[in-house]
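Me: I'd like to go through this structure with you piece by piece. Could you keep the answers plain?

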Amino acid sequence: MMSFLDENFLLQTETAQRLYHEHAKHMPIIDYHCHLSPKDIAEDRKFKNLTEIWLEGDHYKWRAMRTNGVPERFCTGDADDFEKFEKWAQTVPYTVRNPLYHWTHMELKRPFGIEKVLKPETAREIYDACTAMLQTDEFSVRGILKKMNVEIICTTDDPIDSLEHHQKIKADDFGLQVLPTFRADKVLAIEQPEAFLPYLQKLGEAAGVSIDSYQALQDALKKRHDFFHENGCRLSDHGLETIYADEFTEEEIKAIFEKALNKQELTQEEVLKYKSAMLVHLALLDHSRDWTQQFHLGALRNNNTRMMRELGPDTGFDSIGDFDVARPLSKFMDKLDNSDQLAKTILYNLNPSQNELYATMIGNFNDGSTPGKIQFGSAWWFLDQKDGMEKQMNALSNMGLLSRFVGMLTDSRSFLSYPRHEYFRRILCNLIGNDVENGELPASEMEWYGQLVENICYNNAKNYFNF
Ligand SMILES: [Zn+2]
């Protein structure tokens, strides 16, 4: 019997073990998409206890706790920190076979060095031990990042952000690059005038442009894009149900934007035309700066109206959607490629039944300019687990080139999520190890598989992005 979480965890063959220990394990981490707080890194925050660093903001855990019958008071409510932790510890044994079970124990092991199973009997001891460690410099935000061998982090930022925290981090030069990512979701949300118009005001202030026309909006975005570029940004990101790729003319968009500014109601058709135009505009900015554009597609968000009203978004009430993807994705990328202005692109899919669709879609627009120019992104959110990662890598292997994959990212809000890279690396090495031991790959090429593993863990991302 293999044992839980030992050095060969998830590595079922000797070849997998060699690939992991000799090649994957020591590679630094490039976390090219996450939601960590740049302010916390700039201030080198120390967390006051394990609940604060581990449960606050973690909607994956809240969702499991609610499913386990834990009242909201212990998830997002006013229970005290240890009470919340206790409820989590009571829930953990019930998370068997959910990735939370693996993540929880991997995160206790690294960085804390705790190898005990978390359950009600061990809750107090583990809480106290971790909380004590969190008071030391070694376990400040920067301490943890160094311990986890993180080399580059890309946060997710709004175009109106001053990037002051990124600037402070850069000035401190503490041995780790923290770069912003341009995420302009709010610029697309023209259908919500109560948020859209005040946002335009702020965007205008940030850019020093009075946004009184569509042209002025484009000018403001260009200025912010330039500013982000000066501050090291090389990526954009979009969180969308699907790509919008309706036909439009510049004249139509100017008129639609004018209507929005005048608080006139827009038709659904007008909304979609505007979103389609804005996506193209942002894509062209990315191309002009040789950035990589990312699209996180397929989430059906805020399903629970009552909880949305009480807690707001990103609190654990989202699920996988089934939107029409293939045709709009094809149309959007084709439009950009047609004038040779398609930037490097990463497509993240949330609906696993569409894995093969994505894996074949990327092949339509690879043009030999950059290896793996169009990427099928790492298994995301609900799919960020063993089965989901295996399925994503199998689809990519079968229909594209796994060897050119830029690999894993955490997409996390927590500084304790870095073992997810280790999890991914073990799963990757296990897949290749199995193929070798089954005679599906020649054992004579071990040196190449080692290189390939190192590439997917680190080198491909290093070469792909212009950090
Ligand atoms: Zn994200």
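Me: Is His-35 buried, partly exposed or exposed?
Reply: In this predicted model, His-35 has a relative accessible area of 21%, so it counts as partly exposed, because buried would require under 20%.

Me: And what about His-33, buried or exposed?
Reply: His-33 is at 0% relative accessibility and therefore counts as buried.

Me: Which residues coordinate the zinc ion?
Reply: The zinc ion is held by His-33 and His-35, each through NE2, and by Asp-411 through OD, at 2.0 to 2.1 Å. Along the sequence, these donor residues follow the spacing H-x1-H-x375-D.

Me: Switching to aromatics, how many aromatic pairs are there?
Reply: The count comes to 25 aromatic pairs. One of them joins Phe-82 and Phe-85, a tilted pair with 6.4 Å from centre to centre and 35° between the planes. Both residues belong to helix H5 (residues 81-91), where they are three residues apart, about one turn of the helix.

Me: Where does Phe-85 sit, buried or exposed?
Reply: Phe-85 is buried, with a relative accessible area of 0%. The ring of Phe-85 also pairs with that of Tyr-127, with centres 5.0 Å apart and planes at 45°, so this pair is tilted. Since Phe-85 lies in helix H5 and Tyr-127 in helix H7 (residues 123-134), the pair ties together parts that are 42 residues apart in sequence.

Me: Last one, which charged end sits over the ring of Trp-103?
Reply: That is Arg-420, whose charged end lies 3.8 Å from the centre of the Trp-103 ring.

Note on methods:
Residues numbered from 1 in each chain as written. Predicted model: local features only at pLDDT ≥ 70, side-chain atom pairs only at ≥ 80, totals over all residues. Heavy atoms only, no water. Donors = N, O, S within 2.8 Å, 3.2 Å for Na, K, Ca; no water. Buried < 20%, exposed > 50% of the residue type's maximum accessible area, 1.4 Å probe, protein only. Phe/Tyr/Trp six-rings, centres within 6.5 Å; stacked < 30°, edge-to-face > 60°. Helix = DSSP H or I, 4+ residues; strand = E, 2+ residues; numbered from the N terminus. Lys NZ or Arg CZ within 6 Å of the ring centre and 35° of its normal.
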